[in-house]
Amino acid sequence: RYDAARRSDVAMRTRAVDALNRSLLSDLLPVQLLRGAGLQVANAVPPLRKLMMQAGMQPFGELPSLMRGGEDVSPGVVAGRRQLR
């Protein structure tokens, strides 16, 4: 269940990181200019920079119940940890 819930989020982040990496390795001047301009704008506008950082760290879409602070229904599990018996 967790894997299915997180699959799209992981795929989206993977594509975003791949695009950034490709832009760093590109020899095309327009790509370098766009990357540099985007980073300058993000640096110059603190709310935009904060939004970008949150988007990079915060899971996207519907969160599994444990990530929302929900309870696990499995017996013997307390706060995400198995009880020792």
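Me: Thanks! Which residues of H1 are buried?

Reply: Keep in mind that this is a predicted model. A residue counts as buried when its relative accessible area is under 20%. In H1, the buried residues pack against H2. They are Arg-6, Asp-9 and Ser-23.

Me: How far apart are the end C-alpha atoms of helix H1, and what should its residues span?

Reply: Happy to work that through. Helix H1 covers residues 2–25, and at 1.5 Å a residue its 24 residues should span 34 Å. The end C-alpha atoms agree with that, as they too are 34 Å apart.

Me: Where is the kink in H1 centred?

Reply: The kink in H1 comes to about 30°.

Me: Is Val-41 buried, partly exposed or exposed?

Reply: Val-41 sits in helix H2, residues 29–44. Buried would need under 20% relative accessible area and exposed over 50%. Because Val-41 has a relative accessible area of 44%, it is partly exposed.

Me: Lastly, what pattern does the chain follow along the sequence?

Reply: The chain has three helices and two strands. Of its 85 residues, 9% count as buried. Read along the sequence, the pattern is α-α-α-β-β.

Terms used. Residues numbered from 1 in each chain as written. Predicted model: local features only at pLDDT ≥ 70, side-chain atom pairs only at ≥ 80, totals over all residues. Heavy atoms only, no water. Helix = DSSP H or I, 4+ residues; strand = E, 2+ residues; numbered from the N terminus. Buried < 20%, exposed > 50% of the residue type's maximum accessible area, 1.4 Å probe, protein only. Expected span 1.5 Å × (residues − 1). Bend = angle between axes of the 7 residues up to and from the residue. Contact = heavy atoms within 4.5 Å.
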